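Take a look at the model below. The paragraphs after it move from the contact between chains to single elements and one residue.

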Amino acid sequence: MVTGGLTKFAKAHPAMDFRLMVRRAYDYALKGIPNLTKDRIDGTRISYFSDHFTRQLKAASMVQDYLGMNPKGSVRIEWGGATGGECFQAGYEAVASGRMDVCLAAGFETMSRVATWKGNEFIALASDTNYDFPLGGFYTGYYALMVIRHIYEYIRRTKFAGITDEREAQRRAIAEGQRIMSKVSVKNHLNALHNPYAQYPKRLTVEDVLRSEMISYPLTREQICTMSDGAAVAIFCDETRAREFTDKPIRIIGVGTGTDTMRLADRPFGKVPLMPREKPSDYADLKYPGVHSFRAGRAAGIEAYRMAGITNPNRELDFIELHDAYASSEIQTYEDLGLCKYGEGYDFVERGDPFLKKVDYGFPVPNAGAIPVNPSGGLIACGHPVGATGLMQGVFAFWQLQGTIRKHFGDRALQIPNARRGAIHSHAGTGSAVTVSILERGFRP
Amino acid sequence: MTARPPVYEKFREVQEELERSGAAIFRDHDGVESLVIRSPYSINYIHSYAEDSEFFLALADGKLRGSKCTAKRCGYVYATPRGHCMECGAPTQWVDLPLKGRLHSWTTCHFGSEAFLKETPYNLALVEFDGVGSVLLARLKDCTESELYVGMPVEARFSPTPKYSITDVWFVPASPEA
């Protein structure tokens, strides 16, 4: 990857349609690298999630057209919430396969064109329309079902194992889970205070998050990402050309994807696919993935780590930008990606591992800096214009590894010192598709 | 010359104007003006349940039908039907599911998609059944958030006026065993 660009993510960009948004992100990407001109780009991969939002089929062709890329090759990428992550990998693959020397990956979403609850309805059409959607068609509801079970498996059965009144034990476990999820929300919103591209940077306390409106029990408004307008682009090329365009190229050293059943209700109750440092005996009694964990995320992580030669992600990665559509799914994803074992996600937050060292979160984070997660603010604070989101993560990771956060953010608070390797993680549906990509500094600092 | 649509600097006010007159101009903080119009869209689909039809027809008869894999070595039983087994790939056959189960998980939705906002708050449940390898997503009625817990016994109820939708079945807390 040799460059990236973004628009600010916003509730609405009424003065830019999707073509102009992509153009702005593209212009930003090209600004810093004078040798990379349009004629050097061999083709494109263009992503957006939903034709319903744009109410324009073939919108990717219109982006191709507006950027003046015709008659070069292009493919539209769509894979639910993981659309942007898939597009990132599609751009990489176009080059890695030898089909192109230089490939532009661009993504966008214009979600402001419908009211919020209509938008939720469109998103819920990405659940089974025979069996799931007619019941209430609401993704926050699906994630609430998953986290209630996650809390049951990993808090009720451990911390509150001594309480025999089932209702009481589960209530207390849920309260504990809510409190810890709120810390994730505080982290991501606070990190975003230093990110000018973020939609909802703010200083919050755990109490603020808990007191915000209940959307679907136990998830409150501040634990959930919002709908956004935005675009992002990433440009990939082979290693020889990379040096021609920039003295700070970033290598893609691992890609992984995983999938799972479309319906949450169909998830099996089997065995955990193991990460390098795990043993079967770690999960002797765990029925997996059930509805509490994301098998697709684990599969994507295993594939990407294997390709990158990573056996201890906490030590071998300097940060992760992951798909925190919900504070709950950020915690679930720590476990899927092997940052901690299944069942340790809540303690991982309590210990402070995913927090940044230099930011004051208002509560103790003893292990801060161990493996910062969503230093950018993640989806919860940056917003989630679906087709752009995974590419946005790629751009943030790119700037982190280049060491150019200050240049692009006008603030170096979020720069992870001497970051050498990072991962990005993009997630669809109720976990029906996940991508993980690993980026590494490709130059001597 | 006809009048231009009214200009607003807040997008929320633009949305309100669209409800009233169908057109407005949004002026952003850079002074850029954009014309915004209301654009309605509705459609009736001709939707076939195809190989899943049996499930929806059975709901009208007060039955829950699941799928059982026909491969002898597999025999996976699904609470939510599917024509072919996801484990071994063999075709499935229809089986009756128990009408009593337990909450595998649950939630109360205080918001929802636009189509369901008027029904909030409503409960969703994943229901597990003895001897069945997967669960069923359904509405949970006649109970409130504070009563619910994982493992709670529930039983099916069926609509006397079927709409041939998954909403023709829902669950309620199970009555105590006689």
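Predicted model: local features only at pLDDT ≥ 70, side-chain atom pairs only at ≥ 80, totals over all residues.

Residues are numbered from 1 along each chain as its sequence is written, while chains are lettered from A and ligands numbered from 1 in the order in which they are written.

Start where the chains meet. The contact draws 36 residues from chain A and 43 residues from chain B; two residues are in contact if their C-beta atoms, placed from the backbone, lie within 7 Å. On the chain A side, the elements that give two or more residues are helix H5 (116–124), helix H6 (139–156), helix H7 (166–191) and strand E5 (214–216). Helices (H or I, at least four residues) and strands (E, at least two) are DSSP runs, numbered from the N terminus. H6(A) gives the most, with 6 residues. The side of chain A that touches chain B divides into 19 nonpolar, 8 polar and 9 charged residues. Here Ala, Val, Leu, Ile, Met, Phe, Trp, Tyr, Cys and Pro count as nonpolar, Asp, Glu, Lys and Arg as charged, and the others, Gly among them, as polar.

Stay with H6(A). Its axis and that of helix H12 (residues 327–336) of chain A come within 10 Å and cross at roughly 50 degrees. Axes are lines fitted to C-alpha atoms, for helices over the stretch in contact, and angles run from 0 to 180 degrees between N-to-C directions. H6(A) is therefore oblique to H12(A) (under 35 degrees is roughly parallel, over 145 roughly antiparallel, 65 to 115 roughly perpendicular, the rest oblique). Tyr143(A), Met146(A), Val147(A) and His150(A) of H6(A) meet Ser328(A), Ser329(A) and Gln332(A) of H12(A). These residues divide into 3 nonpolar, 4 polar and no charged.

Now turn to chain B. In helix H2 (residues 53–60), Phe55(B), Phe56(B), Ala58(B) and Leu59(B) are buried (20 or more other C-beta atoms within 10 Å of a residue's own; exposed is 12 or fewer, partly exposed in between; C-beta atoms are placed from the backbone). What covers them includes strands E4 (65–69), E10 (153–158) and E11 (169–173) of chain B. Gly62(B) follows H2(B), with a positive phi near 75 degrees.

Last, Ala433(A) lies in strand E13 (residues 433–441) of chain A. Ala433(A) is buried, with 24 other C-beta atoms within 10 Å.
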